[in-house]
Amino acid sequence: MKNIETIDAVQEMLSAEGYVCDRALGVVVFLSLTLGRPLFLEGEAGVGKTEIAKALAAGLGRRLIRLQCYEGLDASSAVYEWNFPAQMVAIRTAEAGGGADRRALTQELFSDDYLIERPLLQALRPDENGAPVLLIDELDRTDAPFEAFLLEALSDFQVTIPELGTIRAPEPPIVILTSNRTREVHDALKRRCLYHWVDYPDVEREMAILQARAPEAAEALSREVVAFVQQLRTEDLFKKPGVAETIDWAKCLLALDVTTLSPEVIADTLGAVLKYQDDIAKLQGSEAARILEQARASLVPA
Ligand SMILES: Nc1ncnc2c1ncn2[C@@H]1O[C@H](COP(=O)(O)OP(=O)(O)OP(=O)(O)O)[C@@H](O)[C@H]1O
Ligand SMILES: [Mg+2]
């Protein structure tokens, strides 16, 4: 395994993948890797939760397997399914050929060839590069029954398929779960995991992120963009901008050859930062100018 023996090494590995990782996050990632415990990340939208799993997989040279959660997600979409259409074709072909051996056919139909592996099963399979990183993304979108099912799956890293037997991971995957907290995830599941709240970054960290993700932006513009977004987050908005929005906005401004912010430029490009009409309407008139002024004031050292 790659050198991840210290917290610093973990932070360095993530930063080599363009992920700016603060000390607190470095500590939980380190512990999660060292103790083999799943890592549960909660936070607002666009603060870099999903990206942690991607950077971790890339940094460790492991495969990333992603289970995207949604309402109604069930075990067959998460673990495995039999390829029913292919089974039907095989049955028809056998019938047409005549004299099919029923037992052999049944055995054939429920073999690996007809098994569709979904993320949770894929994550249990051995991999020459080591156990994969399993990202269970946006867990809050599923329902309680699936959560209970997941709890079991995460506790023993094995899956039983009646027709095939039990499949056990030779080495448990590195598990990252994320949630936007649209609802509380059950305590029992949380108890299995290490927990970390991914917050909006402070000015310096957001600058570093922008530097990593939009290096073509000049420092002066980046500073203004970050200061404005940080100021915006203190306003009473329905949906505060995440880091993703900061990066998007900087890229939009670059595409428009903007070198410095003005109320006009802000009005033209606000759709990159705010995604709700009510929030955008709030910034109409003199509001954008006021926030820009406050942002600029914060740039001048006291
Ligand atoms: N610390 C960071 N270092 C580098 N890039 C970051 C960081 N935080 C966020 N980003 C960037 O912000 C973008 C959004 O991050 P990500 O998709 O991981 O957010 P999220 O928290 O999963 O959001 P959502 O809840 O909407 O899924 C990513 O494309 C990534 O480039
Ligand atoms: Mg995400």
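**View 1. Helix 12 and the residue that follows it.** Asp-257, with a positive phi near 60 degrees, comes after helix 12. For background, most residues other than glycine have a negative phi. Please keep in mind that this is a predicted model, where local features need pLDDT of at least 70, side-chain atom pairs count only at pLDDT 80 or more, and totals for chains, interfaces and linings use all residues. Residues are numbered from 1 along each chain as its sequence is written, while chains are lettered from A and ligands numbered from 1 in the order in which they are written. Helices are DSSP runs of H or I with at least four residues, strands are runs of E with at least two, and both are numbered from the N terminus. The 13 residues of helix 12 should span 18 Å at 1.5 Å a residue, and the 19 Å between its end C-alpha atoms agrees with this (the expected span is 1.5 Å times one less than the number of residues). Val-243, Thr-246, Ile-247, Trp-249, Ala-250 and Leu-253 are the buried residues of helix 12. Their arc of only 160 degrees around the axis puts them on the same side of helix 12 (the arc is that of the directions from the helix axis to the C-beta atoms). Buried means 20 or more other C-beta atoms within 10 Å of the residue's own, exposed means 12 or fewer, and partly exposed lies in between, with C-beta atoms placed from the backbone. The partners of this buried set are helix 10, helix 11 (219-233) and helix 13 (263-269), where contact means C-beta atoms, placed from the backbone, within 7 Å.

View 2. Among the 19 residues around ligand 1, Gly-48, Lys-49, Thr-50, Glu-51 and Ala-244 come nearest (near means a C-beta atom, placed from the backbone, within 6 Å). Two or more shell residues come from each of helix 3 (49-60), helix 10 (203-213) and helix 12 (243-255). Because domain 1 (7-71 + 123-198) and domain 3 (203-294) both give residues to the shell, ligand 1 lies between them. These bounds come from an automatic or database domain assignment.

View 3. Helix 8 (residues 144-156) reaches 19 Å from its first C-alpha to its last, close to the 18 Å expected for its 13 residues. Phe-146, Leu-150, Ala-153 and Leu-154 are its buried residues. They cover an arc of only 95 degrees, so they sit on the same side of helix 8. Helix 7 (119-122), strand 8 (174-179) and helix 9 (187-192) pack against them. On the other side of helix 8, the exposed residues are Ala-144, Pro-145, Glu-152, Ser-155 and Asp-156. Just after the helix, Phe-157 takes a positive phi of about 45 degrees.

**View 4. Two loop residues with positive phi.** Glu-138 sits in the loop between strand 5 (133-137) and helix 8, with phi near 60 degrees. With 19 other C-beta atoms within 10 Å, Glu-138 is partly exposed. Arg-181 belongs to the loop between strand 8 and helix 9, and its phi is near 55 degrees. Arg-181 is exposed, having 12 other C-beta atoms within 10 Å.

**View 5. The buried side of helix 15.** Helix 15 (residues 287-299) has buried residues Ala-288, Ile-291, Leu-292 and Ala-295. Their arc of only 100 degrees around the axis puts them on the same side of helix 15. Helix 11 and helix 13 are included in what covers them.

Conventions. Contact = placed C-beta atoms within 7 Å.
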